[in-house]
Amino acid sequence: MKLLEDRIHLEGRVLGNDILKVDRFLTHQIDYKLMKAIGKRFADVFADSGVTKVITIEASGIAPAIYAAEALDVPMVFAKKAKNITMNDELLTTEVYSFTKKMTSTVQISKKFIEENDKVLIIDDFLANGQAALGLIKLMEQANSEVVGLGMVIEKSFQDGRKQLLDKGLKLVSLARIEKFEKGEVVFAKADDS
Ligand code: 5GP
């Protein structure tokens, strides 16, 4: 998605060898116009998949996921990383190792929000080693729902996540695919939607 790649070139900052900081439009301050365009693109590429629910994980997946849900006209549910006292229903839970926080946390979704015949589209801000996505897939397996695809805003293609998801036979659409970081600059691979 050229609009997204241009924005990454303009405002993304490479940190160390493998982290991209995009807090000006995605992970802290959010550009809702860009998120709306991203949501619309996901809705277009998964238009024929019969999606009944969009799933993501807090926090930065929520903005693109809500606009994808709006464009597909289906509910959006996000997995929570911390349990609070209002979560007294039956839960789907799994452990997810966070690439950026370097720690494992329990993520959960109330069972009542995922139905057995749901066709789920998983959305997230980044695909790195695939741990967040695989965790969400496990939650959907617990609910006996079907994952019909995954939409990633930014994929770091030099990490393992893409392979993990494709090995499962899943449809993956990443709107910006980063081949490598070179001297602090982002080099893109061909995006899945182009
Ligand atoms: P994975 O689970 O695929 O290893 O990592 C994906 C998760 O880690 C995303 O939900 C995102 O929050 C975070 N993440 C991974 N790589 C980056 C990165 O380069 N920049 C930022 N801002 N977050 C990242």
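Modeller: Let us begin with contacts in this predicted model. Leaving aside neighbours within four places in sequence, I154 is in contact with L20, D125, F126, A176 and I178. I154 itself belongs to strand β8.

Colleague: Is I154 buried or exposed, and why?

Modeller: The general idea is a count of surrounding C-beta atoms: a residue is buried if 20 or more others lie within 10 Å of its own. I154 counts as buried because it has 24 C-beta neighbours inside 10 Å.

Colleague: Which residues does UniProt place under the feature "binding site"?

Modeller: An annotation may be inferred rather than shown by experiment. Here the unreviewed UniProt entry gives "binding site" at L20, T27 and K156. K156 is in strand β8, residues 146-156. K156 is buried, because 25 other C-beta atoms lie within 10 Å. Apart from neighbours within four places in sequence, K156 is in contact with D18, L127, A128 and I178.

Colleague: Where does T27 lie, and what does T27 touch?

Modeller: T27 lies in the loop between β2 and α2 (32-45). With 19 other C-beta atoms within 10 Å, T27 is partly exposed. Not counting residues up to four places away in sequence, T27 touches V22, S60 and D125.

Colleague: Which strand is joined to β3 by four bridges, and do the two run parallel or antiparallel?

Modeller: The partner of β3 (residues 53-57) is β4 (residues 76-79), and these strands run parallel. As one example of the pairing, I57 has A79 in β4 as its bridge partner. Together with helix α3 (residues 62-72), β3 and β4 make a right-handed β-α-β unit.

Colleague: What should I look for in the backbone angles?

Modeller: Most residues other than glycine have a negative phi, and most peptide bonds are trans. Against that background, a cis peptide bond joins E58 and A59, with omega of about 5°. A59 lies in the loop between β3 and α3.

Colleague: Which phi values are positive in residues other than glycine?

Modeller: Among them is K102, whose phi is near 55°. K102 is found in the loop between β5 (91-98) and β6 (103-110), and is exposed because 7 other C-beta atoms lie within 10 Å. N144 likewise has a positive phi of about 55°. N144 is placed in the loop between α4 and β8, and is exposed, with 11 other C-beta atoms within 10 Å.

Colleague: What does UniProt annotate over residues 33-169?

Modeller: The unreviewed entry gives "domain: Phosphoribosyltransferase" for residues 33-169. Over that range the chain is 31% helix and 33% strand, and the end C-alpha atoms are 32 Å apart.

Technical notes. Residues numbered from 1 in each chain as written. Predicted model: local features only at pLDDT ≥ 70, side-chain atom pairs only at ≥ 80, totals over all residues. Pairing = 2+ DSSP bridges. Right-handed = clockwise from strand over helix to strand, strands pointing away. Buried ≥ 20, exposed ≤ 12 C-beta atoms within 10 Å, placed from the backbone. Contact = placed C-beta atoms within 7 Å.
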